[in-house]
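Here is a friendly note to read alongside the model. Please have the sequence and the 3D view open as you go through the points.

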Amino acid sequence: MKWLLLIIGILILVLLIVVFTKVRVYIDYKRIQTNDQIHIKLSAWHGLFHYTFKVPVIKMEDDSAAIVVKEEQEMNGNTKKEEKKKITAEDLRDGFADSLEMLQHIIGFHGILRQFTGKVQVKKFTWHSMVGTKNAAHTGVLTGACWALKGSIIGVLTTYFNFRIMPSYSITPDFQRWQANTKISCILQFRIGQAMVTGIKLLRYWKGGKPHFKSRKLAKLSGDSNKQSF
């Protein structure tokens with residue numbers, strides 16, 4: 001009996017540690033000329049556990065409209081997997097259709113999502129860009145439009161997320177050459193328990209039975225074996 005109580009106590013302790021563990025998500029995206037790079041890192045327990053997801057190459061395929069993406073995954077310093085993926089217009093269409101399918105099946109999806117994002121703390125947010133068209137007048141108009149667009153996007157983000165710092169952003173005009181470079185860097189933090197509660201709510205308010213997903217990954221949940229995984 002004592003061993004049983006001890007095991008139950010240990011399980012409860014482990015569960016509490018997991019629930020209250022803070023996870024930090026480091027997101028870096030930059031586009032220089034035609035090169036895009038994405039770097040996402042998840043870290044917990046002051047870096048004792050970390051998982052890194054890198055997309056060092058994003059480019060358009062010459063003979064089609066598909067996007068070729070190279071991915072690298074790394075956990076605690078050990079590279080797990082490197083692979084190339086091709087994203088076609090059909091993949092994007094199916095992903096959008098799946099998003100709509102989920103929205104139709106979950107009651108109050110927007111409210112549940114907003115409750116979670118409201119608890120996500122933003123520890124850092126910087127977004128700096130450089131634009132140019134080789135024409136001074138056009139560059140001025142483009143710079144003003146980018147300021148308005150960037151300000152609107154950040155305004156929406158600040159209503160959904162818990163910003164603990166002032167976002168830093170800028171638009172630098174280049175009157176000498178064509179430019180469309182940008183760099184975004186942010187740090188998010190939330191507790192695993194908050195993500196677990198959100199997941200439980202999404203399952204709890206699911207309605208309408210089995211969904212009919214179209215994308216290759218989610219189609220397996222619908223029992224459609226005709227779709228192949230990436």
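1. Let us begin with Leu5, which is exposed at 53% relative accessible area (buried means under 20%, exposed over 50% and partly exposed in between, with a 1.4 Å probe and protein chains only). Leu5 belongs to helix 1, residues 2–20 (helices are DSSP runs of H or I with at least four residues, strands are runs of E with at least two, and both are numbered from the N terminus).

2. A word on the basis: this is a predicted model, where local features need pLDDT of at least 70 and side-chain atom pairs 80 or more, while totals for chains, interfaces and linings use all residues. Residues are numbered from 1 along each chain as its sequence is written, and side-chain values use heavy atoms, without hydrogens and water.

3. How many aromatic pairs are there? The count is three, taking rings of Phe, Tyr and Trp (its six-membered ring) with centres within 6.5 Å; planes under 30 degrees apart are stacked, over 60 edge-to-face and the rest tilted. One of them joins Phe116 and Phe190 edge-to-face, at 5.5 Å between centres and 70 degrees between planes. This pair links distant parts of the chain, with Phe116 in helix 3 (residues 109–117) and Phe190 in strand 9 (residues 178–191), 74 residues apart.

4. Lys41 lies over the face of Tyr26, 5.9 Å from the ring centre.

Methods:
Lys NZ or Arg CZ within 6 Å of the ring centre and 35° of its normal.
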